[in-house]
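Here's a quick briefing to read alongside the model. Have the sequence and the coordinates open as you go.

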Amino acid sequence: MAARTPFWTTLTDPLIRQNPVTLQILGICSALAVTTSLATALTMSVSLTVVLTLAAGIISVIRRHIPDTIRLIVQIVIVASLVIVIDQILQAYFSEISRALSVYVGLITTNCLVLGRTEAYARYHAPLPSMVDAFGNGLGYSLVLIVIGAIRELFGWGQLMGIQVLPLADEGGWFTPLSLMLLAPSAFFLLGGVVWAVRSVQTEQVEPPDHTPPSRPEPAE
Amino acid sequence: MNDAWSFFLFAAFVDNMPLTLFLGLCTFLALSRRTESAIGLGIAMTGVLGVTVPLNHLIYNGLLAPGAWGWAGQPDLDLSYLALIAFIGVIAATVQLLEMLLDRFFPAIHAAFGVFLPLLTVQCAILAGSLFMVERNYTLGESAIFGVGSGVGFAVAVVMLSAIRARLSYADLPAGLRGLGIAFILTGLMSLGFASFAQMAAAQ
């Protein structure tokens, strides 16, 4: 079974077609909160992908030994331990970014994306496919984060990764920063826009309408 | 008393969990399709946050904070890196206990909550309540108010969103925007409204 699993589709499906953020509404909290700059978005993406991949591997290895009744607790403890390690590493080597991320690194523990993948995939599959699936989902999450982070940093500060890209108006250039981009609402608007864009291309993701309007004949005139 | 009240308002509206801090959004969006489930979620959030934040405050400051073991001759011991696991344990236990109590004494409420009570264990807003409590050095009283306040803020936001979404289900939206897309944009608009509370706090 494991040898014949199509790794490539397991890896690439979550990028756009089955994207965890835009289709399955998983892991949105951090996706929005850490995207005020590209650097924090990247750090968060890498941390989450590492935690997700390792957690999926570990849980998949011991999947036959976890009693069903306490599996949630076991999974959370495994994820929390991994997150503590990542958090300590970030604090030690990237203290500035770690401060900018504030509590959100710790919140990877309760990121529904991590638990969703371990519950839905790693519990039933061998370690290697589980890790590929987790890595793919991590990349899908990263893709959304990087797109939103790049847009917000570019238009909020005129910078990318801290480097001035658009010349600022008060320094002789032409660009006036849109500070709304750095506030909470713009993150929601942007993610809504991303969802719209994805679903306009991937029309099978469109949700059915709750009510179909009655077909009205055109008024005769 | 006045201080406590303004702190409560701060926790509920200025630092609104879903709208300004982006916390608990998964359940916020998933359970706001129907108003009944939104109200249930709001009550459950308030209860769990109101219990776990002060409880975690006691555990953190009594056992984990740097210097907490000074009385036992270990003033250099710093267990604060264990906070995450301890908090999760407390939250899981609280949710479990709440579920058992509701099942025993209020079976009707328990049935109404259904599946999303156990899901609160992995709700980032609830863990974040405890993490913020540590990061901002709240006292025990402040943590209790902060827990209840942020729960109430979450409840207000989720009920409002569900009411808007109920009306919008009759709207003729572009296909790609239906469901999740418009929910994000609505949340953004509400967030824009709640941003004015921050101005109010700054003006004080």
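A word on angles before the helix pairs: axes are lines fitted to C-alpha atoms, for helices over the stretch in contact, and the angle between N-to-C directions runs from 0 to 180 degrees. Keep in mind that this is a predicted model.

**Helices α5 and α8 of chain B**
- The axes of α5(B) (residues 83-105) and α8(B) (residues 124-135) come within 10 Å and cross at roughly 135 degrees.
- Angles over 145 degrees would count as roughly antiparallel and 65 to 115 as roughly perpendicular, so α5(B) ends up oblique to α8(B).
- As for handedness, α5(B) passes α8(B) in a right-handed crossing.
- On the α5(B) side, the contact is made by Leu84(B), Phe87(B), Ile88(B) and Ile91(B), while α8(B) brings in Ile126(B), Leu127(B), Ser130(B), Leu131(B), Met133(B) and Val134(B).
- Sorted by class, the residues of this α5(B)–α8(B) contact are nine nonpolar, one polar and no charged.

**Helices α4 and α8 of chain B**
- α4(B) (residues 35-64) packs with α8(B) at an angle of about 35 degrees, the axes being 9 Å apart.
- The crossing of α4(B) and α8(B) is right-handed.
- From α4(B), the residues that meet α8(B) are Met45(B), Val48(B), Leu49(B), Thr52(B), Val53(B), Asn56(B), His57(B) and Tyr60(B).
- Their partners in α8(B) are Ala125(B), Ile126(B), Gly129(B), Ser130(B), Met133(B) and Val134(B).
- The class count for α4(B) with α8(B) is nine nonpolar, five polar and no charged residues.

**Chain A overall**
- Chain A has eight helices and two strands, and along the sequence they follow the pattern α-α-α-α-α-α-α-β-β-α.
- Its C-alpha atoms fill a box of roughly 65 × 65 × 30 Å along the principal axes.
- Of the 221 residues in chain A, 49% are buried.
- If you take the chain A contacts between residues at least 6 apart in sequence, 73% of them join residues at least 24 apart.
- The accessible surface of chain A comes to about 10900 Å², and carbon and sulfur atoms account for 67% of that.

**A closer look at Ile89(A)**
- Ile89(A) sits in helix α4 (residues 71-93) of chain A.
- Is Ile89(A) buried, exposed or in between? Its relative accessibility is 40%, so Ile89(A) counts as partly exposed.
- Ile89(A) and Gly192(A) are 103 residues apart along the chain, and their C-alpha atoms are separated by 33 Å.

Note on methods
Residues numbered from 1 in each chain as written. Chains lettered and ligands numbered in written order. Predicted model: local features only at pLDDT ≥ 70, side-chain atom pairs only at ≥ 80, totals over all residues. Heavy atoms only, no water. Helix = DSSP H or I, 4+ residues; strand = E, 2+ residues; numbered from the N terminus. Buried < 20%, exposed > 50% of the residue type's maximum accessible area, 1.4 Å probe, protein only. Parallel < 35°, antiparallel > 145°, perpendicular 65-115°, else oblique. Left-handed = near helix turned anticlockwise from the far one by under 90°. Contact = heavy atoms within 4.5 Å. Nonpolar A, V, L, I, M, F, W, Y, C, P; charged D, E, K, R; others polar. Areas by Shrake-Rupley, 256 points an atom, 1.4 Å probe, with all protein chains shown as cover.
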